Amino acid sequence: MEEILIAAIFLYLLSAAAYLVYFLLQRPLLPRAGLAALIGAFLLHTAYLAAAGIRLGHFPAANLRETLFCAAWAVAGAFLYVQGRYGVKVLGLYAAPLVAGVLIAGALLPGPPAQTTALFQSLWLMAHVTAVFLGEAAFALACGVGVLYLLQEKAIKTKKTRYVFRRLPSLELLDNAGYGCIVVGFALMTLGLITGLVYARAVWGRFWTWDPKEVWSGVCWLYYAALLHGRLRSGWRGRRSAWFAIAGFGILLFTFLGVNLLWEGHHRAFTR
Amino acid sequence: MVDIVLIGINHKTAPVELRECLAFAAEEAEEALRRLVGDPAVREALLYSTCNRVELLMAAENRDGALAAGRGLLAARNRLSPELLEGSLYIHENDDAVRHLFRVASSLDSLVVGEPQILGQIKEAYRQALRAKSSGVILNRLMHRAFFVAKRVRTETGIGGHAVSVSYAAVELGRKIFGDLAGKRVLLIGAGEMAELAVEHLLRQKVAEILVANRTYEHGLELARRFQGRALRFEDLPAALTEADIILSSTGAPGFILTRDQIRPVLRHRRNRPLFFIDIAVPRDIDPEINRLENAYVYDIDDLQGVVEENRQDRMKEAVKGERLIDEAVVRFRQWREGLEVVPTIVALHRKLEAIGEQELRRTAQSRRWAEGDVEAARRMLAAFINKVLHEPTVFLKRQGHRTDQTVSVDFVRKLFHLDE
């Protein structure tokens, strides 16, 4: 079991290295090698999670270790989607190290045996967790794309056309890809919240309990809703949209990790 | 050994007045090549004539004779004075000639290093030589190596990358802002050679429409007709700004014709779709402050020239890498040429057969568990066999020693037994 995980981490690191060297040397074969390594790693990663799920008999996100494994998996999957859709190869430079880093962090954590409760076996919960993880992964990528946008925009504005300018794709493509990530992320997040509410009603008898995680998730949802509204209504795009996506990911990270560490609540168990 | 010689003039050695006198049209070139290979000193010949160079490449039976024939051919054109020609002419031989050809084909010897047309022109020259039947074993191989190395230099170095002209630099910038330029609208304000050149580049990128605003409406109409665009009255400029994505300005106006305060509401009106200003005018037409607005980008002539200068320096750096690839190719070509000699070919043939014999012998001896003495006897038998088999081919190749098609036979034998590599 652990061998599969180590092999996946190794392939993610290999992929990260390929993307880094590609950025520096611009050899056309490297991003393909990076993508191939990442796909291989993703398949191993998927197998690992599936095996863990079957062994435990529930969705493997019951402690912080497992949660990080799932989060890394979601980012890798979202990256493959964005890569297929927009072809922003250089985004691998952000995604591959991020996935590898999260996975390594998770692997270093102890995995206390989670007390399996009936809580984890509902289909609603599965849908809730999957949608939330994938949505957050899409927002994580939107943040990465936003950083790339700001770098390229700065290069063009300051008329430095030698380095970053040549290595990053066009502003239009980055802006579109970032927007695409936000739309997908928002849709998944909405789905995640709805299934979460339904599940809460089934388990605790109430849709909304003012649990800190719920509150902060609501804040995130409203934040991204505002971003989309701004884009559709007043044409927020480019720089502003990129900064928004980066700041949004900050709030999201806080919701994902910070809330669990600061407050008690019914999501507490998942990061113990 | 057959010598490879190259004589010619190019943009570095001869002024355009001389180059145009020497230029050959396609039919003329074929005729000249036929005449050249009629000369016993010249075995094979190829000629390329572009606006920057006229060069004659020959595989020579007799070096001095071939050079005289080549000089005669060039001097005969338009009855040039020999002194004038002699001062501009360069001659390269063997490795130097090969290197020169490789550098020309790879565009390292071009006026604009890395320009892509030259390879096509040389391919066309090779087709001409094939039609004139003036290219044989040596030049065929040489030209194919030249095409190969040129392609390699292009793909493995960055000599062809990044714009080295102002108008093309503008297109490259546009691509980094808009991604695809197809479907974008271009507004040309004023007129001028460089601006019009940039418009032509943009048209090739399939932009949707060219809008032309000129102080003299009639002049604008004329330009619009040329670019199949639409002419505007100068007063309608503000309205056109909402429509256009790329604004190319090149007027003689003394001050800014577009200011930051004018553009700010335009951007809001366009829902922040980006605007790219290319200001080729001196004094400038576009307020540089506009560059500080979000989603607006301003490049003036100095900015563009700065980009071009950097790109040119980078090409020079990449050209050094190209030279290394060429050095390698020159050495390999020399090895091939040396292989065309009879004796090394016969030696190589012996070695090849002996190697095959030894391999088969060892296999049989092992499976049949032959004694050491039997193996030795079989080895002697094999050596005798190889000598007898190769006797007739050896005599054939050596007898041909002084015939002109010796290289053809040697080359054929080398190919038949796969002796190269």
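User: Which residue of chain A forms a salt bridge with B:Asp314?
Analyst: That's A:Arg166, with the closest N and O atoms 2.9 Å apart. The pair crosses between chains: B:Asp314 sits in helix α13 (residues 301–339) of chain B and A:Arg166 in helix α6 of chain A. Keep in mind that this is a predicted model.

User: How many salt bridges cross the interface of chain A and chain B?
Analyst: The rule finds 3 there. Besides the A:Arg166 pair, A:Lys159 and B:Asp303 meet through their side chains, at 2.8 Å from N to O. Over all chains the count comes to 45 salt bridges.

User: And how many residue pairs are in polar contact between chain A and chain B?
Analyst: 21 residue pairs, counting those with both residues at pLDDT 80 or more.

User: Which helices of chain A supply that side?
Analyst: α5 (123–157), α6 (164–167), α7 (171–204), α8 (212–234) and α9 (239–262) of chain A each supply at least two residues of the side that touches chain B. The largest share comes from α5(A), with 6 residues. By class, that side of chain A divides into 9 nonpolar, 6 polar and 11 charged residues.

User: How many residues are in contact on each side, chain A and chain B?
Analyst: 26 residues of chain A are in contact with 28 of chain B. The area buried between the two chains is about 2200 Å², and carbon and sulfur atoms give 42% of it.

User: OK, switching to the inside of chain A. What are its domains?
Analyst: The assignment gives domain 1 (1–118) and domain 2 (122–266). Their C-alpha centres lie 19 Å apart.

User: What's the buried area between domain 1 and domain 2 of chain A?
Analyst: About 2100 Å², with carbon and sulfur atoms giving 82% of that area. A:Phe59, A:Tyr86 and A:Tyr94 supply 28% of what domain 1 of chain A buries against domain 2, more than any other three residues. As for contacts, 24 residues of domain 1 of chain A touch 29 residues of domain 2.

User: How many salt bridges does the rule find across that interface of domain 1 and domain 2 of chain A?
Analyst: 0. There are 3 residue pairs in polar contact between the two domains of chain A, both residues being at pLDDT 80 or more.

User: Which helices are on the domain 1 side of chain A there?
Analyst: α1 (2–25), α3 (64–86) and α4 (92–108) of chain A each supply at least two residues of the side that touches domain 2. α3(A) gives the most, with 13 residues. That side of domain 1 of chain A has 22 nonpolar, 2 polar and no charged residues.

User: Now chain B. How is it divided into domains?
Analyst: Chain B has domain 1 (3–160), domain 2 (166–308) and domain 3 (341–416). The C-alpha centres of domain 1 and domain 3 of chain B are separated by 40 Å.

User: I'm checking backbone geometry too. Which residues does the cis peptide bond in chain B join?
Analyst: B:Val282 and B:Pro283, with omega at about -5 degrees. B:Pro283 lies in the loop between β9 (275–279) and β10 (296–300) of chain B.

User: And what about B:Lys206, is its phi positive or negative?
Analyst: Positive, about 65 degrees, although B:Lys206 is not a glycine. B:Lys206 is placed in the loop between α9 (193–204) and β6 (209–213) of chain B.

Definitions and conventions: Residues are numbered from 1 along each chain as its sequence is written. Chains are lettered from A and ligands numbered from 1 in the order in which they are written. This is a predicted model: local features need pLDDT of at least 70, side-chain atom pairs count only at pLDDT 80 or more; totals for chains, interfaces and linings use all residues. Side-chain values use heavy atoms; hydrogens and water are left out. Domain bounds come from an automatic or database domain assignment. Contact means heavy atoms within 4.5 Å. Buried area is the accessible area (1.4 Å probe) that two parts lose on being put together, summed over both. A salt bridge is a side-chain nitrogen of Lys or Arg within 4 Å of a carboxyl oxygen of Asp or Glu. A polar contact is a pair of N or O atoms within 3.5 Å; within protein, one must be able to donate a hydrogen and the other to accept it, and residues adjacent in sequence count only if both atoms are side-chain atoms. Helices (H or I, at least four residues) and strands (E, at least two) are DSSP runs, numbered from the N terminus. Ala, Val, Leu, Ile, Met, Phe, Trp, Tyr, Cys and Pro count as nonpolar, Asp, Glu, Lys and Arg as charged, and the others, Gly among them, as polar.
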